[in-house]
Structure formats: structure tokens, C-alpha cells
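Here are my notes for your first look at this entry. Please keep the structure open while you go through the points.

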Amino acid sequence: MRGRVMKSTGSWYILQSDQGIVNARLRGKFKQEDLKLTNPVSVGDWVEWDFEDQQETAVITEIQPRENYIIRKSTRKQQFSHILASNIDQAFLVITIKDPRTSLGFIDRFLVSTESFRTPAFLLVNKIDTLGKPKDLEYLGLIREIYEPLGYPVLEISALSQEHLANELSPLLSGKTTLLAGHSGVGKSTLLNRLIPDANQATRSVSKFTSKGVHTTTFAEMFPFEKSGYLIDTPGIKEFGILDIEDQELSHYYVELRKYLGRCKYHNCKHVNEPGCEVLQALDRGEIHPYRYENYLNILFEEDTHR
Ligand SMILES: Nc1nc2c(ncn2[C@@H]2O[C@H](COP(=O)(O)OP(=O)(O)O)[C@@H](O)[C@H]2O)c(=O)[nH]1
Ligand SMILES: [Mg+2]
Ligand SMILES: [Zn+2]
């Protein structure tokens with residue numbers, strides 16, 4: 001029988017299937033392709049399962065190939081990674097201007113991971129109700145200035161406004177599996193609870209002292225949205241691991257660089273300081289945002305040191 005993993009609690013998995021909700025465990029070892037994973041099965045996976053022991057328990061017998069997945073490095077085991085969610089149609093990166101501030105570097109890393117699967121990404125600037133100071137509005141303006149021309153929708157919302165949710169978010173969700181990602185404390189669980197009132201995801205106030213969100217959501221979990229669609233809440237993410245991306249490949253995941261690729265003098269150009277680099281010339285002409293390029297270099301060199 002076929003099912004979809006809605007939640008994982010260590011060794012048990014909650015599946016949604018034609019038979020309703022079933023609690024299943026894994027049988028045997030699953031061959032993992034190239035990745036070293038701390039979780040063999042992730043939320044969003046489509047699986048085959050069967051009853052065993054006179055129908056008292058269910059076992060997952062097969063994991064169907066993933067269309068895509070969002071991954072992060074394991075915090076405990078170096079070299080290992082953790083699949084946050086798989087088979088997603090679109091990703092909402094929930095960001096906040098303050099309490100906590102989401103950095104441009106974090107946004108760019110996230111967009112590289114979604115672009116690597118060509119997954120549409122939206123930037124949801126949440127807690128818009130708390131903004132007023134000129135420096136906050138300036139940062140918001142900068143986010144719009146950088147990402148809108150690249151084709152990433154920037155939605156200004158407040159999870160506390162039913163109107164924003166009904167008019168701006170709900171129409172985007174039907175029929176799709178949507179990942180909610182972002183730092184702890186940006187309002188992912190609050191958004192989810194308001195969009196899906198019976199979800200009851202735990203939320204917690206942002207610590208007044210550190211401005212860092214307190215970690216409340218431990219595992220990713222998927223919830224059905226109305227009749228057709230799913231929303232995936234994820235634990236707060238400090239950083240994304242961008243794995244298995246070769247240096248020359250990184251520029252493919254920067255949407256604005258794609259059009260220059262293959263036009264540099266050297267076919268293996270990394271667009272750092274090579275002569276005859278079309279990307280550097282475009283940067284000089286102001287066609288590429290300097291902050292985006294700065295983070296391109298950061299990702300490029302950071303990834304190097306991880307190898
Ligand atoms: N003022 C304001 N507070 C919000 C908004 N969205 C979430 N919060 C608050 O931010 C805190 C963290 O929210 P939570 O949903 O737990 O964040 P998560 O870690 O991303 O799941 C909670 O105290 C929420 O009430 C918003 O749009 N406006
Ligand atoms: Mg949460
Ligand atoms: Zn180049």
C-alpha cells in the first residue's frame with residue numbers, strides 16, 4: 001500500500017494512506033545513494049507499506065525516489081546530513097527584519113538549495129506589524145530591491161492578520177506541498193496554526209534577552225491543508241548545509257548568473273578573479289547586486305573549507 005510520511009518521531013513514522021493514518025516502522029536497512037543521512041525516511045516521502053503481526057503494526061517496505069528534498073547538516077554528526085522534508089512543490093522562507101533578524105547570507109543559502117531542485121521559493125517577511133523604525137524599513141526595502149527583480153515574490157505579512165493569510169497565503173497553498181522554513185522565532189508555527197487551526201503546533205515567545213528564538217518545534221511535520229495541499233512546519237534552522245555542489249555548479253543556482261554562464265573565457269570559470277569573466281563584467285556594470293555576489297563568494301569559499 002502507498003502512503004506519505006507526515007511525521008517522524010525517531011523510529012516510528014506516521015503515514016497518511018488510503019487506510020487512514022497508520023503508525024509504521026522501518027524494516028531492514030535501506031540503501032542510501034550518495035548521501036550520508038541521519039534519517040533514512042523523511043517527512044514528505046512517499047512509501048510502500050504493509051501490515052505485519054496480524055495487522056497490529058505496519059512496516060515501511062520501500063521508499064519511493066525523492067523528487068527533491070531540503071537538507072541540512074547534522075548538528076551532532078559531522079559529515080552527516082538530515083533531510084528536513086522531501087517532495088515539496090514550493091518553499092516559503094519565513095524571514096523577519098528583527099527579533100530575530102534574518103541575514104541576507106541565510107536567504108541566499110536557502111535560495112541556492114531550492115534552486116538546485118528548481119523548487120519555487122517565496123520570501124515571506126513576517127511580523128510586519130512590528131516594523132516602524134527607519135532602519136527596519138530600510139532593510140525591508142533592501143530585501144525587496146534584491147530579490148524581487150530575481151523573480152522571488154516578497155510578501156509582507158503578519159501572522160496575526162487573518163486578512164493577510166486569507167488573501168495572500170491561502171490561495172498559494174491549494175494542491176501544493178509547501179515547506180515553511182526559517183530561523184527559530186520567525187513565526188512558522190504561528191502561521192501554520194492560523195492557516196490550519198487544528199494543527200496545534202507549539203509556539204514560543206522569542207527570548208527577550210538574546211533575541212534568538214527558543215527551539216520549540218523539534219521535528220518537521222506535515223499537515224493537510226484544506227482538501228488538497230500540505231504544509232510542512234520545520235524546526236528553526238540556524239544554517240543550511242549546501243552539499244554536493246561543485247564550485248562551478250554554484251553559479252547555476254544563482255538565477256541572475258545563469259545567463260552569463262558559458263560565456264566566460266575559461267569554461268571552468270568560478271567568477272572570482274579570472275580574466276575574461278562575464279560575471280565580473282556584469283557586476284561592474286551593476287547588473288548583479290553586490291550583496292548577492294558577496295554571498296556567492298562566501299558560499300563558494302565556505303564550502304571549500306568543508307571538503
Ligand atoms: N508581532 C508579531 N508576533 C508574531 C508574528 N508571528 C509570530 N509572532 C510571535 O513570534 C514568536 C515566535 O513564533 P513561532 O511561531 O513559535 O516561531 P517559529 O519558531 O518560527 O515556529 C511567538 O511569540 C509569536 O506569537 C507576527 O506576525 N507579529
Ligand atoms: Mg515552530
Ligand atoms: Zn566567469
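1. Ligand 1 is surrounded by 18 residues in this predicted model. The closest of them are Asp129, Ala159, Gly185, Lys188 and Thr190. Please find these five on the display before reading on.

2. What kinds of residue form the shell around ligand 1? Eleven of the shell residues are polar, four are charged and three are nonpolar.

3. Gly185 places a backbone N or O atom 2.7 Å from an oxygen atom of the ligand. Ala159 also uses a backbone N or O atom, at 2.8 Å from a ligand oxygen. With Ser158, it is a polar side-chain atom that lies 3.2 Å from an oxygen of ligand 1. As for surface, ligand 1 taken alone exposes 580 Å², and 85% of that is buried by the protein.

4. Turn next to the zinc ion, which is ligand 3. Its coordinating atoms are SG of Cys264, SG of Cys269, ND1 of His271 and SG of Cys277, at distances of 2.1 to 2.3 Å. Along the sequence, the spacing of these donor residues reads C-x4-C-x1-H-x5-C.

5. Why is the arrangement around the zinc ion called tetrahedral? The four donor atoms subtend angles of 105 to 114°. Four donors count as tetrahedral if all angles lie between 85 and 135 degrees, so the arrangement at ligand 3 is tetrahedral.

Conventions:
Residues are numbered from 1 along each chain as its sequence is written. Chains are lettered from A and ligands numbered from 1 in the order in which they are written. This is a predicted model: local features need pLDDT of at least 70, side-chain atom pairs count only at pLDDT 80 or more; totals for chains, interfaces and linings use all residues. Side-chain values use heavy atoms; hydrogens and water are left out. A residue is near a molecule or strand if one of its heavy atoms lies within 4 Å of it. A polar contact is a pair of N or O atoms within 3.5 Å; within protein, one must be able to donate a hydrogen and the other to accept it, and residues adjacent in sequence count only if both atoms are side-chain atoms. Accessible areas come from the Shrake-Rupley method with a 1.4 Å probe; for residues, only the protein chains shown count as cover. Ala, Val, Leu, Ile, Met, Phe, Trp, Tyr, Cys and Pro count as nonpolar, Asp, Glu, Lys and Arg as charged, and the others, Gly among them, as polar. Donors are N, O and S atoms within 2.8 Å of the metal (3.2 Å for Na, K and Ca); water is not among the atoms, so sites may look incomplete. Four donors count as tetrahedral if all angles lie between 85 and 135 degrees; four count as square planar and six as octahedral if opposite donors are over 155 degrees apart and all others between 65 and 115; anything else is irregular.
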